[in-house]
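Subject: Structure for your review

Dear colleague,

Please find below the structure I am handing over to you. My notes on it follow directly after.

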Amino acid sequence: MQIDHFMYAVSSLDEGDAWAASVFDAEPAAGGAHVGLGTRNALLSLGHTYLELIAPDPEQDIAGTQGERFAALAAPGLVTWAARGDLGAAAQTLQAEGIRASGPHRTQRATPGGGLLIWDLLFHGSEELGGLLPFCIDWLECPHPSGVNPVGGQLEGVTLALQDPAPQCAHRTWRRRRRGLRRRAVDVGRGGLCQRAGDAHDDGRDPCRTFRPLNPFLARLGYADTDRVVITHADDMGFCHAATAECLQSDATSCASVLVNAPWFPEAERLCRDNPGFDVGVHLTLTSEYDGIRWSALSATDRATGMLDDEGYLWRTVAEAVANVPPEAAKAEMRAQIDRALAAGIDVTHIDTHMGTVVHPRYLLDYLDLAREYAVPA
């Protein structure tokens, strides 16, 4: 397998094209429309890989599609990346490592010239690695986009950084063909791709240290950008009596999140009602992993929806959930869980994720959409 491409989402393709032209000194080429997905794209070669700018397609009805989600973006950014190669071999490798593979899924794009490109995709279901693992692509009989589109540079390497005491980022550096061996760093942080000041960083600055602070709320709380603030959070409230009683009655925690599907939710509801000052969010779940205590979906009772396992409960593992639960069903279930908490009178202060399932790339955009819709942190 090798790096195939990076997907950069924008709410307007024209604005994305202008950004890419300013960064890479090359105009991206129109790629075409993803029929039924509500999106279109533009492409820029980076040597053996390429950059895909993806945006809503004004010629399609985008209601309920990926295009609708991109239209609501507060800021452009990198949403995922891909590797290419033999999908069968990739699936075997994932399974050998205990990671569930989903696919191949046949996908297509209509080109501006009236052609149709068809390829296969494979997705992973690793809760531990999450977005560190790319999805996989097999272009079948299609020419690879890196060889047929304008060249913006040459990918030299990829660095992923997590849990660094300094602001987290992942930066990619491309060699500028029109400027000899000078480099321009293009960085990926929570705000997406952005150009660093200066091309070569000849002053010795670490590019990762010049990125703006990850959390702009520190200053509002009276802290400096370099301060580290710890919030002790308890999840699985409502799972059982002990978990519920201890969540916010202990001095060790300052906030919690509740499993509204779980059997002890009524006790959690009472506790929140009797203590309205509690900081409580919704622990969104698409899984039910325990043997002795299990829970089902709020939004579905039919196994045909993909939400439920053979026993009628939510799936036991993240991999099973990702392989079986369609994004539209996952979003409906997340919405139902938030609505149940609100209907119970809980002042929902945030949403988070049980076992990391809803922040899998298959569901992440819907999860963030709901956070914006309900105006809560995620």
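The notes below take up a sheet, a group of salt bridges and a surface patch.

Please keep in mind that this is a predicted model.

The sheet. Four strands form an open sheet in the order β13-β14-β15-β16, and their pairing is parallel. At the edges are β13 and β16 (348–353), each of which pairs on one side only. From one strand to the next, the twist averages 30°. Within this sheet, β14 (residues 255–258) and β15 (residues 280–284) are joined in the parallel sense over 3 bridges, and A256 stands opposite V280 in β15. Helix α6 (residues 265–274) packs on the sheet, where it touches β13, β14 and β15. The direction of α6 makes about 135° with that of β13.

The salt bridges. The count of salt bridges comes to 14. Two of them involve R294. In one, D309 pairs with R294, and the closest N and O atoms are 3.0 Å apart. Both residues of this pair lie in the loop between β15 and α7 (318–324), 15 residues apart, and both D309 and R294 are buried. In the other, the side chains of E311 and R294 meet at 2.7 Å, N to O. E311 and R294 are likewise placed in the loop between β15 and α7, 17 residues apart. R294 is classed as buried because its relative accessible area is 12%, where buried means under 20%.

A further salt bridge brings together the side chains of R303 and D310, at 2.6 Å from N to O. R303 has a relative accessibility of 44% and therefore counts as partly exposed, whereas D310, with a relative accessible area of 67%, is exposed.

The surface patch. L221, Y223, V229 and I231 make a nonpolar surface patch of about 410 Å². Y223 is partly exposed, because its relative accessible area is 38% and falls between the limits of 20% for buried and 50% for exposed.

Yours sincerely

Definitions and conventions
Residues numbered from 1 in each chain as written. Predicted model: local features only at pLDDT ≥ 70, side-chain atom pairs only at ≥ 80, totals over all residues. Heavy atoms only, no water. Patch = residues over 30% accessible without salt bridge, like charges linked within 9 Å, V, L, I, M, F, W, Y side chains within 5 Å. Areas by Shrake-Rupley, 256 points an atom, 1.4 Å probe, with all protein chains shown as cover. Salt bridge = Lys/Arg side-chain N within 4 Å of Asp/Glu carboxyl O. Buried < 20%, exposed > 50% of the residue type's maximum accessible area, 1.4 Å probe, protein only. Pairing = 2+ DSSP bridges. Helix = DSSP H or I, 4+ residues; strand = E, 2+ residues; numbered from the N terminus. Axes fitted to C-alpha atoms, helices over the stretch in contact; angles between N-to-C directions. Contact = heavy atoms within 4.5 Å.
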